[in-house]
Amino acid sequence: MLRSMLAVVLCCFSAASLAQSAEQTLQRKLAAIKSFSAGFEQQVFDEQQQLLQQGKGELMLKQPALFRFETTEPEPNLFIGDGSSLWFYNEPLEQLTIYDAANEVNRTPFVLLTSTKAELWAQYEVTQQGEVFIIRSKAADSPVVQLTLSFSGAALSTMQVLDMNRQTSVFNFTLVQLNIELDDKLFRFEPPADTDIDDQRQR
């Protein structure tokens, strides 16, 4: 009986140590990426792994908390995060929606890409399989259930997003550039004239 209990304790301790190590390893990798710029090809699959949609675009990240996510196919859309607000511009419809970043981005594991805040990392569980890191939300109502990051050396090569609707988006990155100069203007948005603006921050 004593041996069985000891074995369980040791297994739990080992699992906790591995989880901590995976989190620390991922934090070190992400902290080394001061800026990130890459093109991407996106595929979206349903729960039965049937292809729903394909697209292309560009992703830019800059420490701390800045990102620019722009799709060019199947239609042009732009997401910009400046640390305090999240801007979503639908170009074909000329519509801009502005969200509070703390209420939206901070509820998803994407925030970990540019944040080292312990209170945010505590909301997720990180496991590691070689150069692949799996980030799972501890919150049942998280819009992103799981985020999988695959690295090739120091560079992020693939990102998979499993959402609450059980759809999986796979992003394969190309032309990756690390730690280059990215102008802060890339992470600000000035809406064109006659844009229909819905500012959710005021609600």
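What percentage of the 203 residues in the chain is buried? Buried residues make up 40%, where buried means under 20% relative accessible area with a 1.4 Å probe, protein chains only.

Before going on, the conditions. This is a predicted model, so local features need pLDDT of at least 70 and side-chain atom pairs count only at pLDDT 80 or more, while totals for chains, interfaces and linings use all residues. Residues are numbered from 1 along each chain as its sequence is written, and side-chain values use heavy atoms, with hydrogens and water left out.

The chain exposes about 12000 Å², by the Shrake-Rupley method with a 1.4 Å probe. Carbon and sulfur atoms supply 52% of that area. For contacts, meaning heavy atoms within 4.5 Å, take those with a separation of 6 or more: 43% of them are between residues 24 or more positions apart.

Now the secondary structure. There are three helices and 12 strands, taken as DSSP runs of at least four residues (H or I) for helices and at least two (E) for strands, numbered from the N terminus. The 12 strands make an open sheet with mixed pairing, in the order E7-E8-E9-E10-E11-E1-E2-E3-E4-E5-E6-E12; two strands pair if DSSP finds at least two bridges between them. At the edges are E7 (124–129) and E12 (196–199), each pairing on one side only. From one strand to the next the twist averages 15 degrees, with axes fitted to C-alpha atoms and angles running from 0 to 180 degrees between N-to-C directions.

E2 (residues 51–62) and E3 are antiparallel, with seven bridges, and lysine 62 stands opposite leucine 66 in E3. The two strands form a hairpin with three residues between them, and alanine 65 in the turn has a positive phi of about 70 degrees. E3 (residues 66–73) in turn runs antiparallel to E4 (residues 77–81), joined by five bridges. That is also a hairpin with three residues between the strands. Across it, arginine 68 has isoleucine 80 as its bridge partner, and glutamate 70 stands opposite leucine 78.

Last, the cavities. A cavity is a set of points on a 1 Å grid over the protein atoms alone where a 1.4 Å probe fits but cannot get out. The count is two cavities of 30 Å³ or more.

Terms used:
Buried means under 20% relative accessible area, exposed over 50%, partly exposed in between (1.4 Å probe, protein chains only). On a 1 Å grid over the protein atoms alone, a cavity is a set of points where a 1.4 Å probe fits but cannot get out, and a pocket is an open set with protein on both sides within 12 Å along at least five of seven lines; lining residues have an atom within 4 Å of a point. Grid points are joined across faces, edges and corners, and a volume is the space filled by probe spheres set on the points.
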